[in-house]
Amino acid sequence: MHIIRLNAKSVFTSTKIPGARWVINQYVGCEHNCLYCYAKFMSKWYQFGRWGSWVVVKENLPELVKGRHVDGKVYMSSVSDPYQPIERKLKLTRRLLKNMDKSIELSILTKSPLVLRDVDLFKRFEDLEVGLTVNSFSRSIEKVLEPLSPSSRERIDALRVLHENGVRNYAFISPIIPGLTDLRLIIEETKDFTDFYWLELMNLKASGKEFRDWLRRNHPESYLTLSEKDRIEDYVKDTTTLLREENIPVKGICVHHLRSRSFNIYRI
Ligand code: SF4
């Protein structure tokens, strides 16, 4: 893994991520190296090689964040996982959280149970939520799509531990691939200890050619459902019915447009 250390000029960047106003990225690049990662477009600006082979570490962010306040929700992180393996050694996310104004409204998203290390800090924030990305991919699909991420089982266990510690949590069911994602199973396994849910259908456009080719070749029906407007609408309708039956708190279902960078949020 190629580690690039640099100093950032700013801490918070405005964002269009649903429900958030700002984003903070202490890392750029991600060791988890998911095949569908939407953030791989960052390789255009950071030309250090193949996505997943490098991580930029913004070393000065814990100092830069001191005394800074922004109004509106801050989302951590959009072009990396704040608890990817290197965090265990560098503790950059931990140092950042330590120095951050605790009145900042913060939403953290990760695929790693390493997040549990920082429960003591989460408890100091006035308004904080921690999300774990969950999907019900089989182990063989996980090996292709999320080769270096902790398993879905570990993420679900992390949601439970957050709940037991009084930290508001959410399950980010994403990326949903019709035919490969079992929503009923995820809800069954998480609803007893999950405060709320966000859902997101796979963004085919952002997922990259390698992923699209893999999906088209191995799961043509899933590919068709994600690439035709009428089929997407049917899928969202069925999902809405299911979520209503399950009667769980859902903030929304995010569906990306096929040919633009915009998206719709469907409320339940
Ligand atoms: S964990 Fe998130 S940021 Fe990291 S490679 Fe996977 S999708 Fe990308």
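## Helix packing, cores and backbone geometry

Residues Arg-212, Leu-215, Arg-216, Arg-217 and Asn-218 of helix α9 are in contact with Pro-220, Ser-222, Tyr-223 and Leu-226 of helix α10. By class, this contact comprises four nonpolar, two polar and three charged residues. The model is a predicted one. Helix α9 spans residues 209–218, and its axis lies 5 Å from that of α10 at an angle of about 125°.

On the α10 side the contact is made by Glu-221, Leu-224, Thr-225, Leu-226 and Ser-227, and on the α11 side by Lys-229, Arg-231, Ile-232 and Tyr-235. Its residues divide into four nonpolar, two polar and three charged. Leu-226 of α10 takes part in the contact with α9 and in the contact with α11.

In soluble globular proteins, nonpolar side chains tend to be buried together. Here the largest nonpolar core has 75 residues, and Phe-122 and Phe-211 touch the most other members. Helix α11 supplies the largest share of this core, with five residues. Leaving out residues up to four places away in sequence, Phe-211 touches Leu-35, Tyr-36, Leu-145, Ile-177, Met-202 and Leu-204. A second, separate core has eight residues, among them Ala-20, Val-23, Tyr-75 and Leu-109.

Thr-240 is another residue of α11. Its relative accessibility is 12%, so Thr-240 counts as buried. Beyond four places in sequence, Thr-240 touches Ile-253 and Ile-268. Between Thr-240 and Ala-158, the separation is 82 residues in sequence and 26 Å in space, C-alpha to C-alpha.

Asn-25 sits in the loop between β3 (22–23) and β4 (27–28). With a relative accessibility of 11%, Asn-25 is also buried. Apart from neighbours within four places in sequence, Asn-25 contacts Lys-58, Leu-61, Ser-77, Ser-78, Val-79 and Ser-80.

Ser-80 belongs to the shell around the ligand as well, together with Cys-30, His-32, Asn-33, Cys-34, Cys-37, Asp-81 and Lys-111. This shell divides into three nonpolar, three polar and two charged residues.

Most residues other than glycine have a negative phi, and most peptide bonds are trans. The table lists exceptions.

| Site | Feature | Value |
|---|---|---|
| Met-76 and Ser-77 | cis peptide bond | omega about 0° |
| Ser-174 and Pro-175 | cis peptide bond | omega about -10° |
| Asn-33 | positive phi | about 55° |
| Asn-247 | positive phi | about 55° |

Ser-77, a contact of Asn-25, lies in the loop between β6 (74–76) and α2 (86–90). Pro-175 is placed in strand β9 (residues 169–176). Asn-33, one of the residues around the ligand, is in the loop between β4 and β5 (54–58). Asn-33 is partly exposed, with a relative accessible area of 21%. Asn-247 lies in the loop between α11 and β11 (250–256), and its relative accessible area of 66% means that Asn-247 is exposed.

Key:
Residues numbered from 1 in each chain as written. Predicted model: local features only at pLDDT ≥ 70, side-chain atom pairs only at ≥ 80, totals over all residues. Heavy atoms only, no water. Contact = heavy atoms within 4.5 Å. Helix = DSSP H or I, 4+ residues; strand = E, 2+ residues; numbered from the N terminus. Nonpolar A, V, L, I, M, F, W, Y, C, P; charged D, E, K, R; others polar. Near = heavy atom within 4 Å. Core = buried A, V, L, I, M, F, W, Y, C linked by side-chain atoms within 4.5 Å. Buried < 20%, exposed > 50% of the residue type's maximum accessible area, 1.4 Å probe, protein only. Axes fitted to C-alpha atoms, helices over the stretch in contact; angles between N-to-C directions.
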